[in-house]
Structures are given as C-alpha cells and as structure tokens.
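Hello,

Here is the structure we talked about handing over. Please open it first, then read the notes below.

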Amino acid sequence: MADDVITLLHRQHATIRTLFAEVETATGDKRKDAWHRLVRLLSIHETAEEEIVHPAVARVNGGEPIVDARVAEEHRAKELLSTMDDMGPDAEGFDTLLVQLRDDVLAHADHEEQAEFPLLRKVHDQERLERMAKAVEAAEAIAPTRPHPGVESPVANLALGPVVAVVDKARDAIRKVLG
C-alpha cells in the first residue's frame, strides 16, 4: 500500500525533529550541513502543505479557522527561519533563535497532527489520501528550498513558487560548489 498524505507528513515531522537535534548538537561543517538540510525540508514541506493539505482541510466544515491558525504559525516560522538563514548557524544569537524556532515548528507540527490530520482522515478515503501524498511529493519537487515569508496561500505558492524555486536551487548549487 502506498503512503497516504498523513503518513508522509508524520514521517517528515519526525525527520524535522531529528534535524533540529542534529543542528543543536553538531559543530562546524556538520552543523552547517544539518542546518541547510533543515531549512530545505521546512521550506518544501510548508509549501506543499500550503498548496495541498490546508486547502483540503479548509473545505471541511469547521476547517477554515484551523487552517488560518496553521498558516499564521507558518508565516511566523518563515520569518524567523529567513532571518536565521541570513545569519548562518555560526552567528551570535543563533542558538537562542534556534530554540525558539524548534519550539514553534514542533508545536505547529503537533497542531497539524492533532487538528488537521484527523479531519483529513474523517472526510477522505484511503485512495484520496494516497493521491494527496503523490500531490504533496510533486509540489515538493518544484517548491522553493528557502523560506519566503508572505507566500503562504495556494495561489501565491503556485504563482511565485516556481520562480523563487529556480532562484533558490541556483543559490543552493552555488553554495554547494563554494562549500
């Protein structure tokens, strides 16, 4: 049986938790690498949720206020993530912000798991949830790899996402070459 969207997102949440622990404990180049992997995963993960998951939840009776709260959380996290990415993991004050980001992101994941995921499971059959997983994977494949605060709606993601994704991926390639 293929992954459904809930299983896929739970697995990504677990990876995000692991990456936070890596960033917190690693040093030097290993810390930078873990940080870049975390930024990338958070960026593509949130974009896909904004394009696929949140609209599906918003269409459920009572789902709109739940989605509004998650989008507000995502916006705050993107702002902080963007600031931290500009600073870099070796900057003074980074560790303090990392704790704040970790706490915010993990609380956000818990809110999704407790509020959004049960609604999806309630209104969609297994086949639909599996198709949603494939849609999330497709959205992630073309998503920006860096945070872009203010781009949280499905329309904004679809209109701006591919353009900023190309720029992000070029920056990622340059960063990789330069070390």
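Of the contacts in the protein chain between residues at least 6 apart in sequence, 77% join residues at least 24 apart. Keep in mind that this is a predicted model.

The fold is helical. The protein chain has six helices and zero strands, and its pattern along the sequence reads α-α-α-α-α-α. The chain has 179 residues, and 45% of them count as buried. Its accessible surface is about 9000 Å². Carbon and sulfur atoms hold 58% of that surface.

Next, the cavities. The structure holds two of 30 Å³ or more. H4 supplies the largest share, five residues. By type, the lining residues split into four nonpolar, three polar and three charged.

Glu49 sits in helix H2 (residues 28-58). Is Glu49 buried or exposed? Its relative accessible area is 0%, under the 20% cut-off, so Glu49 is buried. Leaving out residues up to four places away in sequence, Glu49 touches Leu9, His13, His54, Pro55, Glu74, His108 and Glu112. Arg70 lies 21 residues from Glu49 along the chain, and their C-alpha atoms are 9.9 Å apart.

Best wishes

Notes:
Residues are numbered from 1 along each chain as its sequence is written. This is a predicted model: local features need pLDDT of at least 70, side-chain atom pairs count only at pLDDT 80 or more; totals for chains, interfaces and linings use all residues. Side-chain values use heavy atoms; hydrogens and water are left out. Helices (H or I, at least four residues) and strands (E, at least two) are DSSP runs, numbered from the N terminus. Buried means under 20% relative accessible area, exposed over 50%, partly exposed in between (1.4 Å probe, protein chains only). Contact means heavy atoms within 4.5 Å. Accessible areas come from the Shrake-Rupley method with a 1.4 Å probe; for residues, only the protein chains shown count as cover. On a 1 Å grid over the protein atoms alone, a cavity is a set of points where a 1.4 Å probe fits but cannot get out, and a pocket is an open set with protein on both sides within 12 Å along at least five of seven lines; lining residues have an atom within 4 Å of a point. Grid points are joined across faces, edges and corners, and a volume is the space filled by probe spheres set on the points. Ala, Val, Leu, Ile, Met, Phe, Trp, Tyr, Cys and Pro count as nonpolar, Asp, Glu, Lys and Arg as charged, and the others, Gly among them, as polar.
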